[in-house]
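Please keep the sequence and the coordinates at hand while reading.

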Amino acid sequence: MQELDDIGLLREYVERDSEAAFAALVARHINQVYSVALRQTRNPHQAEEITQAVFVILAKKARLLSRKVILSGWLYQTARLTSVTSIRGEIRRARREQEAYMQTVSNESESHAWTQIAPLLDAAISDLSEKDRQAVVLRFFDGKSMREVGAVLGTGEDAAKMRVSRVVEKLRRFFTKRGVVLSTAAIAGAISANSIQAAPASLAKTATAVALAKGATASTSTLTLIKEH
């Protein structure tokens, strides 16, 4: 089971109702999903609820996903949209406050760079095209090499390098317009080093159980998030 890629595990779950395959997918991607939710909400409890909701959505929609889906990209987008649904009003207010603060900050150290871009990162990524967004997720969130990025996207290593370079430049321009002046190297380094945080140890087990029950055991607030999808 451990040797299967995402599509293989997804097929095992869809075609054989394999709980082990689904649990393997959750374990593989839960840190990424939780990290997206945590960045958006800045609230660990809220992030856990969103994470559970995302995997319930995956369980419900698994049969509809294309065999060519890049699951990490799909999960990223689902996590981001679910987070926005959960905290639409709060995140707008927090972003306005953060952007005002950013006007006075220009230190390019990695820790300071991450402090500046973290509240804006997911909004910046959501502005990208699907291919560019997938490149960011694969390179910086999944930690894949340029050769691996190119293979997943169906291009060569050189093409992947060019795409990632262009994408980081697009992110730089997005941040600059909002008062965050950083080099592309600082941005790439900050995202690589800080974008993934470990989810609570018990969350994978809980999210798997709730998802396999298609949300039947989920809390009311989690069910509300699921219904949005």
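A search of the whole structure finds 10 salt bridges, a salt bridge being a side-chain nitrogen of Lys or Arg within 4 Å of a carboxyl oxygen of Asp or Glu. The model is a predicted one, in which local features need pLDDT of at least 70 and side-chain atom pairs count only at pLDDT 80 or more, while totals for chains, interfaces and linings use all residues. Residues are numbered from 1 along each chain as its sequence is written, and side-chain values use heavy atoms, with hydrogens and water left out.

**Salt bridges**

Side chains of opposite charge can pair when their charged atoms come close.

| Glu12 | Arg16 | 2.9 Å |

Arg16 counts as exposed because its relative accessibility is 55%, on a scale where buried means under 20% relative accessible area, exposed over 50% and partly exposed in between (1.4 Å probe, protein chains only).

Within helix α8, Glu169 and Arg173 are 4 residues apart and so are separated by about one helical turn. Glu169, at 23% relative accessibility, counts as partly exposed, and Arg173, at 42%, also counts as partly exposed. Salt bridges that share partners join Asp132, Arg163 and Lys170 into one network.

**Packing of α8 and α9**

Two packed helices are described by the angle between their axes and the distance between the axes. The axes of helix α8 (residues 157-177) and helix α9 (residues 184-194) come within 9 Å and cross at roughly 100°, which means that α8 is roughly perpendicular to α9. Such axes are lines fitted to C-alpha atoms, for helices over the stretch in contact, with angles running from 0 to 180 degrees between N-to-C directions; roughly perpendicular covers 65 to 115 degrees.

On the α8 side, Val168, Glu169, Leu171, Arg172 and Phe175 meet Thr184, Ile187 and Ile191 of α9, contact meaning heavy atoms within 4.5 Å. By class, this contact has 5 nonpolar, 1 polar and 2 charged residues.

**Surroundings of Glu49**

Glu49 lies in helix α3 (residues 44-61) and, at 15% relative accessibility, counts as buried. Its side chain makes a polar contact with the side chain of Ser219 at 3.1 Å. When neighbours within four places in sequence are left aside, Glu49 is in contact with Ser219, Ser221, Thr222 and Leu225.

**Overall fold**

The protein has 11 helices and 0 strands. Buried residues make up 49% of its 229 residues, and among contacts between residues at least 6 apart in sequence, 70% join residues at least 24 apart.

Technical notes
Helix = DSSP H or I, 4+ residues; strand = E, 2+ residues; numbered from the N terminus. Parallel < 35°, antiparallel > 145°, perpendicular 65-115°, else oblique. Nonpolar A, V, L, I, M, F, W, Y, C, P; charged D, E, K, R; others polar. Polar contact = N/O pair within 3.5 Å; in protein donor to acceptor, adjacent residues only side chain to side chain.
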